[in-house]
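Hi everyone, thanks for coming. Let's take a few minutes to look at one model together, starting with the ligand and then moving on to a strand.

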Amino acid sequence: MADFVEHATDGDIHILRIANAPVNTLRTEVRAGLLAGLQAAQKAGAKAVVLMGAGRGFSAGAEMTEFGKPRQAPGLNEVFDAIEQSKAPVVAAIHGHALGGGLELALACQARVAAPNAQIGLPEVKRGFVPGAGGTQRLPRLIGMEALTMIVSGDPVSGTRAGALGIVDAVLEGDLEKAAIAWARANAGKSFTLARNRTDKTQGQDMAAFDEAAKKLLARSRGQESPKGCADCVRAAFTLPFEEGLQVERDTLARLVAGEQSKALRHILFGEREVARIPDVPEGTAPLPVKKLVVIGGGTMGGGIAMSAANFGLPVTIVETSQDALDRGIKRCEDNWKRTLSSGRMTQAEYEKRRANLTGSVDFEKAVGEADLVIEAVFEEMGVKKEVFARLDKAARPGIVLASNTSTLDIDQIASATSRPELVCGMHFFSPANVMRLLEIVKGSKTSAATLATALDVGKRIGKLNVVVGNCDGFVANRMNGKRGLQIEKLLQEGCLPQDIDRVMETFGLAMGPLAIGDLAGLDIGAAVRKARGTVAPIADAVVAAGRIGQKVGKGYYDYDENRKRMLSKEVEAIILDTSEKMQVRRRKIDDQEILERLLLPIVNEGARCLEEGISYRPVDIDVIFISGAGWPAWRGGPMFWADTQGMKAIRDKLAHYAEATNDPNLKPAALIEDLAAKGGSFAAMKGSKV
Ligand code: NAI
């Protein structure tokens, strides 16, 4: 056991160090080692025991690979019992992370000390469940109402803040082990009250105030169950004896772990690792070295991309066509950073560091000549893109990657303007590019593995979640969501108002409904695309024709006040009713279930087509894309996961029904869905990609 828990002494102070690199999870051997170490320390007459983590931190909690498997003895509770019964006080000394079970272990100790920059929290809510080793009962007994926010949000606090809250007894500077030993020696004789026996912070509290605070916190969780479960457990800490509270925690945990939402969250957690395995990039493919990024175009996207690079320490130059446009682009970045600075979320030193990474140039050839990677973000027009890429090809050093941020255009055509198509790929960022995590990396038919590896490396270095996708109109997120548009138009014609559609999607869990998003992005964009393609959408077109092109003019599907607050619009209602009448569509009441199905099924169907065509490698890639780039909440697990919860036969039948009822050919079930339905299959059970 010595491997997993190191035992040392400093006079009569014993030190137990959890040594399970990299993050000291509490695997069976660690639990057994702790138990043995505690017993040995007692036997040796320890005056106090300092419990800490070796290496980077205290402990990141339970071992995920033991999750769902039969429990091996000893359990955490046995370790906690041994700590709580120890005559010598056990002092948890926290540096790095004490998260989940790691913090729960510390909470069971007689005392806790921490380094100022330690990260301390109970993030279980984000996995769809509640802390399961007494965290919901001990933390409130230590810090009262503040525990509600910490456990319901799952967000960690710093060691310094933990000291102010009373989670830790002392915040110690310098070498933590030395300081903790000294602290334990000085305080060993003191009488400590275990967290389980504390009553001063929980008894006689104003429970009406508690319920009010819980209600406010839960209002943000939009249908996610685990925050409510957390609040219920914390409430039990205020109203029930310790052991009964533990039972509430155990029951809640069991219920939530078995539920669909925590399954969805685990699916996404696993998926975020899975998407990094890319069949077209053999393991060991070396990325090309990138020390200097050049972004062509300093507009909405170019500026955001440049900020991402600068934020993460990658020097970047924006190239614009005129000094004026360049100054505007750089100023937008500066203003954005300054907002973060004035809100206190960034220090002046950090601002200066980021700002120093950003330069601008109007000398295309010179700037591009110095680049290790170029990302183009100019106007969305094939002619313009080709011209820019031909020029890039001449100005850039041979052998460097040229990427496009195009959201719809054919990467192969863009690549054909160069003499290096194998070094061309798409790097499709999402708006706002400095905020959104998703980066679709688009593989053209000639894109090499080294090119993809380079884009993946840079994406990762600038904080993005990379998903490699194939080359097609709209790539994955926009292509799939795009197919929903026709149903939105039809729903408006048949009986819905914008607020009905947005309400259903927001109740489903999206932060914003599709029409509100349209207002935010600008309805003129979609109108231009329809015009270019020669398609019509009578209601959407009429809304734009009325000058209602979105938030930028204070009106779109909704009216907006000066604070951009969304309000229902009588004018839009009149436009919609009028259009239905002109089209001789008899409006009817459409229930929420039908709205939901008609908005989700087109997405699922197009996702299946992306899989058939090899645009996405695996269903989980699509799910990760929707969670990280299309506003889906992680606890929904993404559209393909959702489809599996409905069953493939039901998906096929409903698609077929709506394809006929709404005369929308997009809804004809994709061959893959027909196939899976016929074989009783599911997206989850698909093995690897079809390509
Ligand atoms: P934008 O109009 O805000 O910016 C384009 C910028 O490129 C302008 O500042 C323009 O002066 C500059 N530019 C044009 N030709 C140039 C050249 N030859 N050399 C240097 N600079 C040049 O456009 P936005 O929204 O930033 O879009 C850029 C690209 O990003 C487009 O391909 C678009 O499809 C794509 N995209 C846009 C998203 C969005 O939400 N706006 C999302 C994802 C991708």
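How far is an oxygen atom of the ligand from an N or O atom in the side chain of glutamate 320? The distance is 2.5 Å. Please keep in mind that this is a predicted model.

Lysine 385 places a polar side-chain atom 2.6 Å from a ligand oxygen, and for asparagine 405 the corresponding distance is 2.9 Å. Taken on its own, the ligand has 830 Å² of accessible area, and the protein covers 77% of that.

Now let's step back to the whole shell. It has 20 residues, and the closest are Met301, Glu320, Glu380, Lys385 and Ser407. Sorted by class, the shell holds nine polar, eight nonpolar and three charged residues. Where do they come from?

Let's follow β15, which runs over residues 424-429. Are its residues buried or exposed? Six of its six residues are buried. Val424, Gly426 and His428 point one way, while Cys425, Met427 and Phe429 point the other way.

And the neighbors of β15? With strand β14 (residues 401-404), β15 pairs in the parallel sense over three bridges; there, leucine 402 has valine 424 as its bridge partner. With strand β16 (residues 438-443), the pairing is antiparallel, over four bridges, and phenylalanine 429 is partnered by leucine 439.

Terms used:
Residues are numbered from 1 along each chain as its sequence is written. This is a predicted model: local features need pLDDT of at least 70, side-chain atom pairs count only at pLDDT 80 or more; totals for chains, interfaces and linings use all residues. Side-chain values use heavy atoms; hydrogens and water are left out. Buried means under 20% relative accessible area, exposed over 50%, partly exposed in between (1.4 Å probe, protein chains only). Helices (H or I, at least four residues) and strands (E, at least two) are DSSP runs, numbered from the N terminus. Two strands pair if DSSP finds at least two bridges between them. A residue is near a molecule or strand if one of its heavy atoms lies within 4 Å of it. A polar contact is a pair of N or O atoms within 3.5 Å; within protein, one must be able to donate a hydrogen and the other to accept it, and residues adjacent in sequence count only if both atoms are side-chain atoms. Accessible areas come from the Shrake-Rupley method with a 1.4 Å probe; for residues, only the protein chains shown count as cover. Ala, Val, Leu, Ile, Met, Phe, Trp, Tyr, Cys and Pro count as nonpolar, Asp, Glu, Lys and Arg as charged, and the others, Gly among them, as polar.
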